[in-house]
Amino acid sequence: MPIRTLQTWFARKGSAATEVAVSKKKDRSQLRVGIPKVLNIWTTHQFWVGFLRDLGVESENIIFSSDTSEEQGREFGKGRGTVDCCYPVKAMSGHYGELIFGQKKKINILLSPMIHSLPSVLHGHVVDTVTCTRVMAGPENIKSGFLKERDIFAENNVIHASPFVSLGDRHMVTDQLYISLKDAFDLDKEETARAVKAGFAALDDLTERARKQGRDILTWCAKNQKPCILVLARPYHMDIGIGHEIEADIQAYGYPILWLQYLPADMDLMNWLFEADLRDGLIKSPFDISDVWASSYSSNTNEIMWGAKVATRCPWIACVLRLSSYECGMDQPTYTPAQKIVEATGTLYFKFGDLDSTKPSGGIKIRVETIAHYLGKYSQEIIQRKLSYLSPNCPLGELPSSSSTVATGETEPAVVNVV
Ligand code: SF4
């Protein structure tokens, strides 16, 4: 049975870092807030959980919609489509409908942020970390499908709140959320600032733990000289209705999976991987992508290019799995450069492009078998070749000699989940 990757991240219970003082001033314990689990919510959900909990919204009253599915779209989004060719955006109609019509206990607010920029490990090393314009405008676009005949929100006593928010520029967030949410949540400035702080603490905590788990996986791979797979994709390809669980099918063959968004980014590891480029002055920092991607405005695109650079250098990332949605205008210019970067060291590269609502199960099964075959045949050669390009001072610990690379008896890290 495929192991679902990351499925527990939307658990409503806050992490220890989110257990901060809840506002005593206003009682929001009965307020029910629905959040469509779409687009960049996939990597920012803990900000919203931390923010709302700090405002006094109870955990059980923060409701995320289900994973995307054709049934969800048919049951809740039918007839509410708007003009957008991207399935990840189109699918939002079903999420909206599920939150409005599909709850036993009605929600009061549908919170669907227009996220303008994203926190990124590359912040400060790239031109900007803005989101795709279709992603950013998605909430307003999809809202119109629920207004075209009559106001469905008003009919159901639901407030549609879509704050424009620059999560990549933290100093702007309090003002942005205060201005756009003060009426819906009856906010004052001080409690907004406190809630924003709690939101970022929760988000940073999860990101740090997930990256730490990524490092643990790489450490295990290094110790046992075993390969793993890096998924190069946008955050919403973690949604099983958008990314179709392709990485889970490969994980079932015993290969640990790393997601780009949670690659370990510790300086010791990065400096080791990029040592030669830094020494030769090709880049200023391991997070500098100006050598391969000059117009580095788009956050997720930048990270895809950076991930390709890490993958081609990191010995145990023997294979890259590239996922992309149908006619993604943001991804198209990256296909060739990302593939060339990854393959420059002989790292395996497999692309599943043009993903849409339907899971092409037969085709995926055959390709997954092919990937497993190539990994079985070539991964040791790939690991040793890439190790030969690097200094022997691996920060992941002492490496076994190449002649003793057969299994040590330890089992692979089974699930890449962080709770
Ligand atoms: S990043 Fe690509 S798939 Fe996603 S919304 Fe933008 S154009 Fe569409």
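Predicted model: local features only at pLDDT ≥ 70, side-chain atom pairs only at ≥ 80, totals over all residues.
Helices are DSSP runs of H or I with at least four residues, numbered from the N terminus.

View 1. The residues around the ligand are Cys86, Pro88, Val89, Cys132, Arg134, Val135, Arg234, Ser325, Cys328, Gly329, Met330 and Asp331. Seven of the shell residues are nonpolar, two are polar and three are charged. Domain 1 (7–206) and domain 2 (209–404) each contribute at least three residues to the shell around the ligand.

**View 2. The largest nonpolar core, with 109 residues.** Val231 and Leu232 have the most contacts inside this core. Helix α8 (residues 189–224) provides the largest share of the core, 11 residues. At least three core residues come from each of domain 1 (7–206) and domain 2 (209–404). In soluble globular proteins, nonpolar side chains tend to be buried together.

**View 3. Contacts of Leu232.** When neighbours within four places in sequence are left aside, Leu232 is in contact with Leu260, Ile304, Gly307, Ala308, Val320, Leu321, Arg322 and Ala338.

**View 4. Tyr255 in the loop between α9 (246–251) and β8 (257–259).** Tyr255 counts as buried because it has 22 C-beta neighbours inside 10 Å, where 20 or more are required. Apart from neighbours within four places in sequence, the contacts of Tyr255 are Pro227, Cys228, Ile229, Ile250 and Leu375. Tyr255 and Pro227 are separated by 28 residues in sequence, with a C-alpha to C-alpha distance of 6.8 Å.

How values were computed. Residues numbered from 1 in each chain as written. Core = buried A, V, L, I, M, F, W, Y, C linked by C-beta atoms within 7 Å. Buried ≥ 20, exposed ≤ 12 C-beta atoms within 10 Å, placed from the backbone. Helix = DSSP H or I, 4+ residues; strand = E, 2+ residues; numbered from the N terminus. Domains from an automatic or database assignment. Contact = placed C-beta atoms within 7 Å. Near = placed C-beta within 6 Å. Nonpolar A, V, L, I, M, F, W, Y, C, P; charged D, E, K, R; others polar.
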